[in-house]
Amino acid sequence: MATAFPEGFLWGGAVAANQLEGAYLEDGKQLNVTDVMTGIGNPPDIRWNDETGKWEPSFEHDFVHLSEEGIDFYHRYEGDLELMAGMGFKAFRTSISWARIFPHGDEDEPNEKGLEFYDRLFDKMLELGMEPVITISHYETPLGLLIDYGGWLNRKMIDFWMNYINTIFKRYKGKVKYWMTFNEINVGRMIPFAAGGMLDIHPTNKEVVNADLTQQQIYQGWHHQFVANALAVKACHEIDPDAKIGIMLSQSGIACFPETCNPDDVLGAQAMQRKQSFFSDVMLKGRYPGYVGRIWAENNVELDIQPGDMELIANYTNDYFAFSYYRSSVFSSKAAGADDVKNATSGATGNVKNPYLTACSPEPWCWPVDPKGLRYVCNYLQDRYDVPLFIVENGIGLDENLDENGHIHDPFRVEYTRDHLLQVEEAIKDGCDIMGYLYWGPIDVVSAGTGEMRKRYGFVYVDRFNDGHGTLERVKKDSYDWYKHVIETNGEALHE
Ligand code: BGP
């Protein structure tokens, strides 16, 4: 039976530098913001120093920052990529750790050793037949830029960003065909330091890091990122006309459904969707959408838009829409906390449970499983933007241990992935132009949301635990051969 997956469909997996590379201070690298965070929902582990009048990283803590060593991908990438190639991956997504290239962020010249690492990494991927799909900034703003400049709250960031992107576009021209600018900036309000890359450097309370940015601050920070995104599109196309550059957003929040046909539920769910679509409306349609005018007026937001900004945003929209999808949610106008985001990293926006969904990932995470939500999101995005779609994150985190025979049987992961892929196939039949599917975390990595190893997504197990112990040995789970079979049959195996 022929499948709907087109020839050249980019099957593969996705990770991010800060969650697996380790080597966090090696070869000239300095700290990225996530190097001092345990779970992106928490504030960075930095302290105000009255003498220097600055925030400084605190290395005094009684827990393990697992990302410091990650899964030691920095030293083991060859073997790990061979494991991925063993499943027949056509593409592998990772990010460039910004602070490997510009360690503090504001240097004029890049760190050659950092550039060499990614040369080796991309060469190895290409040798193994995998297209590098590269996120330019995946929660990895150099800490120096946050502490000294406030990150994206400051327009100067655009200059540092330009230095960074021009360096990497020129260096990796011909090697990287698929770029993405920012990972999930649409969750920047919930995760201002990591996803927003913003830090209020004039805190009123020096005991804690202020996570509550004003509406004025956050929209101004996003405006700087929109300009930076447009400049990246321009630079990418000029430097390497064969390369494509996408946006990357969390789109679980698009699958936010009204609890009932009560018009208040329907309008409320639409407002939730717009909180997500705002970002793609700007970066793909090239202008601020009308509905944000009301939000700005009601919150006294007055953006500082410099001459030329809106022309850039209009003229340099992205080539494709990459997104993550993990779960759906339900909005009820009657439930309390309608604006609450229950789980920032999953991007969900609703406030009540969906009685029609029976499965969820294990406690304490408990992300509801909704494969049809993915089909809904694909269709929604295709209708609204009409650009190629790239599913660059979808997967399930489970708490797993080797059994007495040294194996991991993970039928739930197979079921989750199969059910989602069947809905991707339906979306393709619906007319969606889908470039590929990259499973999130094909090898166990440190969780972004909670900073732990216990939440494992991999087809490959890594022997490392929350307290930092473990041999780092890699073991294939049952799902490894299953995914391999799906790829080699271009999806036909989903129907077996
Ligand atoms: C996305 C992030 C990833 C990733 C994934 C799973 O939002 O882009 O970095 O980790 O979520 O989240 P978690 O690791 O919290 O389970």
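Trainee: What should I know before we start?
Mentor: This is a predicted model, where local features need pLDDT of at least 70, side-chain atom pairs count only at pLDDT 80 or more, and totals for chains, interfaces and linings use all residues. Residues are numbered from 1 along each chain as its sequence is written, and side-chain values use heavy atoms, with hydrogens and water left out.

Trainee: How many cavities of 30 Å³ or more are there in the whole structure?
Mentor: The search finds six. A cavity here is a set of points, on a 1 Å grid over the protein atoms alone, where a 1.4 Å probe fits but cannot get out, and its lining residues have an atom within 4 Å of a point. Grid points are joined across faces, edges and corners, and the volume is the space filled by probe spheres set on the points.

Trainee: How much space is in the largest cavity?
Mentor: About 190 Å³. The largest cavity has 18 lining residues, and Gln19, Tyr326, Glu393, Trp440 and Ala448 lie nearest its centre.

Trainee: And which classes make up that lining?
Mentor: Nine nonpolar, six polar and three charged residues. Ala, Val, Leu, Ile, Met, Phe, Trp, Tyr, Cys and Pro count as nonpolar, Asp, Glu, Lys and Arg as charged, and the others, Gly among them, as polar.

Trainee: New topic: at what angle do α2 and α4 cross?
Mentor: The axes of helix α2 (residues 73–86) and helix α4 (residues 112–127) cross at roughly 5 degrees and come within 10 Å. Axes are lines fitted to C-alpha atoms, for helices over the stretch in contact, with angles from 0 to 180 degrees between N-to-C directions. Helices are DSSP runs (H or I, at least four residues), as are strands (E, at least two), numbered from the N terminus.

Trainee: So what do we call that arrangement?
Mentor: Roughly parallel, the word for angles under 35 degrees. Contact means heavy atoms within 4.5 Å, and among the residues making it are Phe73 and Tyr74 of α2 and Phe117 and Arg120 of α4.

Trainee: Which residue forms a salt bridge with Arg294?
Mentor: Glu298, at 2.9 Å, N to O. A salt bridge is a side-chain nitrogen of Lys or Arg within 4 Å of a carboxyl oxygen of Asp or Glu. Both residues lie in helix α9 (residues 291–298), four residues apart.

Trainee: Last one: is the peptide bond from Glu363 to Pro364 cis or trans?
Mentor: Cis, with omega near 5 degrees. Pro364 lies in the loop between β10 (329–331) and α11 (371–385).

Technical notes:
On a 1 Å grid over the protein atoms alone, a cavity is a set of points where a 1.4 Å probe fits but cannot get out, and a pocket is an open set with protein on both sides within 12 Å along at least five of seven lines; lining residues have an atom within 4 Å of a point. Angles under 35 degrees count as roughly parallel, over 145 as roughly antiparallel, 65 to 115 as roughly perpendicular and the rest as oblique.
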